[in-house]
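The following report describes the structure shown below.

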Amino acid sequence: MTTVAGSDTFRIGGDLPVHRLGYGAMQLTGPGVWGEPADHDGAVRVVRAAVEQGVDFIDTADSYGPVVSERIIAEALHPYPEGVVVATKAGFARTGPGKWVPVGRPAYLKQQVELSLRNLRLERIDLIQLHRIDPEVPLADQLGAFVELREQGKVRYIGLSEVSVAQLQAAREITDVVSVQNRYNLTDRGSQDVLDRATGEGIAFIPWFPIATGDLAAPGSPVAAIARELDATPAQVALAWLLQTSPVVLPIPGTKSVEHLTENMGAARLTLSEQDMARLDALA
């Protein structure tokens, strides 16, 4: 069986080790990240398979479903195997299929974290991430809600999602920030400056959309020729490129399929040469 054993580890916050190739749980829900999946039992199976294949970092959010993803993770894994870290997010409300609204009111954020604790069946969330910064609420108030929960022992570490370098810096002046989750992949490097800052500061960088929801995995994709040379799939090459781009990168490819999950995990044992990396870098 393919496992992530070949993937090295990163210590979130300096003391929370996880394998760098994780699993993103957004696709466990129905269409438009809304409602229950068509195959509930299949969703449970893929989460269990991820952990069986060595994944110990799972990323979700209260808004995936809403709550559907968190509940499926708990059904699949509770009581959680030792070492498994479930990161979740709050602050991006779902009002319908494909609809997202930033809500950063402190009372709302604290309420959502309490609900996530219940839905995930956890006593403490190891990594809570502000899903989006709400422009209508002072950033100090939004992060302050998480700080209060951390002081109460309900949250261990705090992260951010979809932020600029300036926003990351502003947040770090308010509290410790151990992770940033921005869109980033082989052909979409708009957050390169944020990745560079995270690399320099030793902050986990969690790229969502790591294989462009399958676009980079297509037979005619830009990485297809290199993949054939390496006897790998385009998805594996795209993920291996992320793993070798920076030691702080924690890709979280998501899927509803155990077959695709196993394919993605194969990236952990793929080593790209300097020549391969240079060719892939040129595809941006």
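Ile-73 is in contact (heavy atoms within 4.5 Å) with Ala-25, Leu-28, Val-47, Ile-58, Thr-60, His-78, Tyr-80, Val-86 and Leu-120, when its neighbours within four places in sequence are left aside. The residue belongs to helix α2, where helices (H or I, at least four residues) and strands (E, at least two) are DSSP runs numbered from the N terminus. Ile-73 counts as buried because its relative accessibility is 0%; the term buried denotes under 20% relative accessible area, exposed over 50%, and partly exposed the range in between, for a 1.4 Å probe and protein chains only. Between the C-alpha atoms of Ile-73 and Val-46, which are 27 residues apart along the chain, the separation is 9.8 Å.

The model is predicted: local features need pLDDT of at least 70, side-chain atom pairs count only at pLDDT 80 or more, and totals for chains, interfaces and linings use all residues. Residues are numbered from 1 along each chain as its sequence is written, and side-chain values use heavy atoms, with hydrogens and water left out.

Gln-53 is located in the loop between α1 (40–52) and β4 (57–59). With a relative accessibility of 3%, Gln-53 is classed as buried. Its side chain forms a polar contact of 2.8 Å with the side chain of Thr-262. Such a contact is a pair of N or O atoms within 3.5 Å; within protein, one must be able to donate a hydrogen and the other to accept it, and residues adjacent in sequence count only if both atoms are side-chain atoms.

The backbone contains cis peptide bonds at Gly-65 to Pro-66 and at His-78 to Pro-79. Pro-66 occupies the loop between β4 and α2 (68–77), whereas Pro-79 is placed in the loop between α2 and β5 (85–90). Val-67 and Arg-121 have positive phi values without being glycines. The table gives these backbone angles.

| Site | Angle | Value |
|---|---|---|
| Gly-65 and Pro-66 | omega | about -15 degrees |
| His-78 to Pro-79 | omega | near 0 degrees |
| Val-67 | phi | near 65 degrees |
| Arg-121 | phi | about 60 degrees |

Val-67 is found in the loop between β4 and α2 and is partly exposed, at a relative accessible area of 23%. Arg-121 is in the loop between α3 (106–120) and β8 (125–130); its relative accessible area of 42% makes it partly exposed.

For the protein as a whole, the secondary structure comprises 10 helices and 11 strands. The radius of gyration is 18 Å, which agrees with the value near 19 Å that a compact globule of 284 residues would have; the radius is taken over C-alpha atoms, and the globule rule is 2.2 Å times the number of residues to the power 0.38. Along the principal axes, the C-alpha atoms fill a box of roughly 55 × 40 × 35 Å. Of the 284 residues, 55% are buried. Where contacts between residues at least 6 apart in sequence are considered, 73% join residues at least 24 apart.

The accessible surface, from the Shrake-Rupley method with a 1.4 Å probe, comes to about 11800 Å², and carbon and sulfur atoms account for 49% of it. The mean positions of the 25 positive and 35 negative charges lie 3 Å apart. Lys and Arg count as positive and Asp and Glu as negative, while His and the chain ends are not counted; each charge is placed at NZ of Lys, CZ of Arg, CG of Asp or CD of Glu.
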